[in-house]
Amino acid sequence: MIDFKNNEFWFVVGSQYLYGEATLRQVANDAEKIAAGLGASEFLPADCKIVCKQVVKTAEEITRIVKEANYNDDCAGIIVWMHTFSPSKMWINGLSLLQKPYLHLHTQFGRNIPDLEIDMDFMNLHQSAHGDREHGFIDARMRSARKIVVGYWQDEPVRQKIGSWMRSAIGFRVSKRLKVVRFGDNMREVAVTEGDKVEAQLKFGWQVNTWPVGSLAEEISKVAEPEVDDLFKDYENSYEVNTDDIESVRYQAKMEIAIKRILEREGASAFCNTFQDLYGMDQLPGLASQHLMSLGYGFGAEGDWKISALTHIVKQMTKDRSDASFMEDYTYDLEPGKELCLGAHMLEVCPSIASGKAKIEVHPLGIGDRNPPARLVFEGKAGKAVLITLIDIGGRFRLIVHDVEAVTPTLKMPSLPVARVMWRPEPDLLVGTHCWILAGGAHHSVLSYSATAEMMEDWAEMMGIEFVHITKDTTVENLKQQLFFSDLAWKLK
Ligand code: MN
């Protein structure tokens, strides 16, 4: 499974030779201090560091550092800042080669203007207000996909925004290496889970390929009992075993071991399957898929490879918080003024979003035509969250993010033995759902409490795809207009 342990973000400071050696030494010293300050930020994601690179002063130096960034596997992105003026024609050749996520930090070394001390030399040294505008122009002129963060580098909102963008950049890095294993095809006749896999590889880098369900069944039959014993112990440590049907639980362990073995063999980090193709299998993988998701693997049901890939990416972007799951909108409670959506799936919801200890239970399943599958049953936690979905709208991909407020379930639902969570979509269920449907949002999504719309918007920009955000301020009229114009714009691209 992809899990990058060293994500380097290169801090590159622009200047020029106009100011003399002493000034350039000062620029380099200040750059070191800012890089160290950003590197010590409490918002720095896990396994990330800021690496202070040389102060670049010529077109050749800029081109060289961009080429190095492109070819360095550990470099997850570059952050640039113009301490002094750095004429931007020097940047054109380098930036036109850049293939890594790119952030333009607009800050300055000192917070305040020193009243008595300031003279022309001070202004020449501390002129990012001036230099960063020159830099902003060339990015705008080149239509560079870049994140702009503005503010004093020691301030919390600035460090928070940089941390958030770093997570998006990890999502970009994961995307470029991601392999998805499909066990069987998409569910028959379903439209939204389909998509152009060649275009997905061109845009995202995902290698999405199929493996026979029969070979999975064969792999399941090869799993040895002591391996099952070990995984069963893991289950007992993490969950409450609330069933006497231990054999059914052990069969899920067997499936989990077999699926994981194939994923490892193929170097894949995500998989999907379908209840319509369980050839040679005794149960639909429930607990097996749920536990694999909790380890960080992506999953999509009914052959949904797009959501499977997205689940893994979101999990890696937020891996130090680890609370994201494959999700499906199921049923509404339409009590006026208190409307809620009940999210669940037949089985496969990740226990990383559970509010308490999940229970392993075995119950019959109306579809799939197999033995009653063991699954984890739990309530999702309350809190602000986002629903993220990705659709192939024909000619392009559209990422849709919906702000929601997950709530402690208002009902006990004792006859519904699946993992479930309830939420109130913004601005309310009726308008929010109207907007989701208008934008073509799928019934499958990724629910995450740690990912944010800003993080996903930055990721969409890095990947070069359309982004739609449904917020507390979204109206049907505005969204209709946005979708109309964006359809025209994307046709011209
Ligand atoms: Mn489904």
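**Entry 1. The β6–β9 pair and its sheet**

I started with strands β6 (residues 179–183) and β9 (residues 270–272), which pair in the parallel sense over three bridges. Strands here are DSSP runs of E with at least two residues, helices are runs of H or I with at least four residues, and both are numbered from the N terminus. I count two strands as paired if DSSP finds at least two bridges between them. Across this pair, Val181 stands opposite Phe271 in β9.

Before going on I noted that the model is predicted, that local features need pLDDT of at least 70 and side-chain atom pairs pLDDT 80 or more, and that totals for chains, interfaces and linings use all residues. Residues are numbered from 1 along each chain as its sequence is written, and side-chain values use heavy atoms, with hydrogens and water left out.

I then traced the sheet around the pair: it is open, has four strands in the order β7-β6-β9-β10, and pairs in parallel. β7 (207–211) and β10 (298–300) are at the edges with a single partner strand each, so one side of each has no neighbour in the sheet. The twist averages 20 degrees from one strand to the next. For angles, axes are lines fitted to C-alpha atoms, for helices over the stretch in contact, and values run from 0 to 180 degrees between N-to-C directions.

**Entry 2. The manganese site**

Which residues coordinate the manganese ion? I found Glu302 (OE), Glu328 (OE), His345 (NE2) and His444 (NE2), at 2.0 to 2.3 Å. Donors are N, O and S atoms within 2.8 Å of the metal (3.2 Å for Na, K and Ca), and water is not among the atoms, so sites may look incomplete. The donor residues follow the spacing E-x25-E-x16-H-x98-H in sequence. Glu328 belongs to strand β11 (residues 324–333) and His444 to strand β18 (residues 444–448), so this pair ties together parts that are 116 residues apart in sequence. I checked accessibility: both Glu328 and His444 are buried. Buried means under 20% relative accessible area, exposed over 50%, and partly exposed in between, with a 1.4 Å probe and protein chains only.

**Entry 3. The two domains**

The protein is divided into domain 1 (7–176) and domain 2 (179–492), with bounds from an automatic or database domain assignment. Their C-alpha centres lie 37 Å apart. The contact takes 19 residues from domain 1 and 20 residues from domain 2, where contact means heavy atoms within 4.5 Å.

I looked up the area buried between domain 1 and domain 2: about 1,600 Å², with carbon and sulfur atoms giving 52%. Buried area is the accessible area (1.4 Å probe) that two parts lose on being put together, summed over both. Arg167, Ser168 and Ser175 supply 37% of what domain 1 buries against domain 2, more than any other three residues.

**Entry 4. The five-stranded sheet**

Next I followed an open sheet of five strands, ordered β2-β1-β3-β4-β5 with parallel pairing. Its edge strands are β2 (48–56) and β5 (147–150), each pairing on one side only. Here the twist averages 25 degrees from one strand to the next.

Within the sheet, β1 (residues 7–14) and β3 (residues 75–82) pair in the parallel sense over seven bridges, and Glu8 has Cys75 of β3 as its bridge partner. β4 and β5 also pair in the parallel sense, over four bridges, with Leu105 opposite Val149 in β5. I noted that β5 has a covered face, Lys147 and Val149, and an uncovered one, Ile148 and Val150.

Helix α1 (residues 21–39) lies across β1, β2, β3 and β4 (102–106), at about 170 degrees to β2. Helix α5 (residues 128–141) lies across β3 and β4, at about 150 degrees to β4.

**Entry 5. Single residues**

Is Asn7 buried or exposed? At 1% relative accessibility, Asn7 counts as buried. Asn7 is in strand β1, and its contacts beyond four places in sequence include Ala46, Asp47, Ile170 and Arg173.

Gln127 is in the loop between α4 (120–125) and α5. Gln127 has 10% relative accessibility and counts as buried. Leaving out residues up to four places away in sequence, Gln127 touches Tyr19, His83, Thr84 and Phe85.

I found Gln482 in helix α15 (residues 476–492), partly exposed at a relative accessible area of 35%. With the same exclusion of residues up to four places away in sequence, Gln482 touches Phe467 and Val468.
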